[in-house]
Amino acid sequence: MTVYQRTTGGHVAESLRPVPGSEEAAELEKLAADPASGWRAVAVEPPAPAGPPAKSAAKAEWVAWAVAQGADEAEAEKTTKDELISAYGGDS
């Protein structure tokens, strides 16, 4: 995930986390590529889940858990929630 920051006088004046693939993300990417703009792109890793989600959790949570366990994100997205639960735990 990318966060875009605008700095002023060595301090972060603004920090934005646009939706990936959005028009805002594209505009911020252009600004970050221009050193004179004051904007920069900062890669931020989402925090790893502490343990497997509940079986009733949304599929997106199971995908995040599977990726944190080493699964390929694209493959996890294609997998059903039940298959993710079977492969990556889910005693809760």
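Me: Which side chain does the side chain of glutamine 5 make a polar contact with?
Reply: That of arginine 40, at 2.7 Å. A polar contact here is a pair of N or O atoms within 3.5 Å; within protein, one must be able to donate a hydrogen and the other to accept it, and residues adjacent in sequence count only if both atoms are side-chain atoms. Bear in mind that this is a predicted model, where local features need pLDDT of at least 70 and side-chain atom pairs count only at pLDDT 80 or more, while totals for chains, interfaces and linings use all residues. Residues are numbered from 1 along each chain as its sequence is written, and side-chain values use heavy atoms, leaving out hydrogens and water.

Me: OK. Is glutamine 5 buried or exposed?
Reply: Buried, with a relative accessible area of 15%. The cut-offs are under 20% for buried, over 50% for exposed and partly exposed in between, with a 1.4 Å probe and protein chains only. Glutamine 5 sits in strand β1. Leaving aside neighbours within four places in sequence, glutamine 5 is in contact (heavy atoms within 4.5 Å) with Val12, Glu14, Ser15, Gly38, Trp39, Arg40 and Val42.

Me: What about arginine 6, how accessible is that?
Reply: Arginine 6 is partly exposed, at 28% relative accessible area. The side chain of arginine 6 has a polar contact with the side chain of threonine 8, at 3.4 Å. Beyond four places in sequence, arginine 6 is in contact with residues including His11, Val12 and Trp39.

Me: And valine 3, buried or exposed?
Reply: Valine 3 counts as buried, at 6% relative accessibility. Valine 3 is also in β1, and among the residues in contact with it, neighbours within four places left aside, are Leu16, Ala41 and Val44.

Me: How many bridges hold β1 to β3?
Reply: Five, between β1 (residues 2-8) and β3 (residues 39-43). Threonine 2 stands opposite alanine 43 there. Five bridges also join β1 to β2 (residues 11-16). Tyrosine 4 faces leucine 16 in that pair, and threonine 7 is opposite valine 12.

Me: Which residue in the β1 and β2 hairpin takes a positive phi?
Reply: Glycine 9, with phi near 60 degrees; the hairpin has two residues between the strands.

Me: New topic: which residues make up the largest nonpolar core?
Reply: Nine of them: Ala57, Trp62, Val63, Trp65, Ala66, Ala71, Ala76, Leu84 and Ile85. α2 (59-68) and α4 (81-88) each supply at least two, and α2 gives the most, with four. A nonpolar core is a set of buried Ala, Val, Leu, Ile, Met, Phe, Trp, Tyr and Cys residues joined through side-chain atoms within 4.5 Å.

Me: What does alanine 76 touch?
Reply: Lys59, Val63, Ala66 and Leu84, not counting residues up to four places away in sequence.

Me: Last one: at what angle do α2 and α4 pack?
Reply: About 35 degrees, with their axes 10 Å apart. The contact is made by Lys59, Trp62, Val63, Trp65 and Ala66 of α2 and Lys81, Leu84, Ile85 and Tyr88 of α4.

Definitions and conventions. Two strands pair if DSSP finds at least two bridges between them. Axes are lines fitted to C-alpha atoms, for helices over the stretch in contact, and angles run from 0 to 180 degrees between N-to-C directions.
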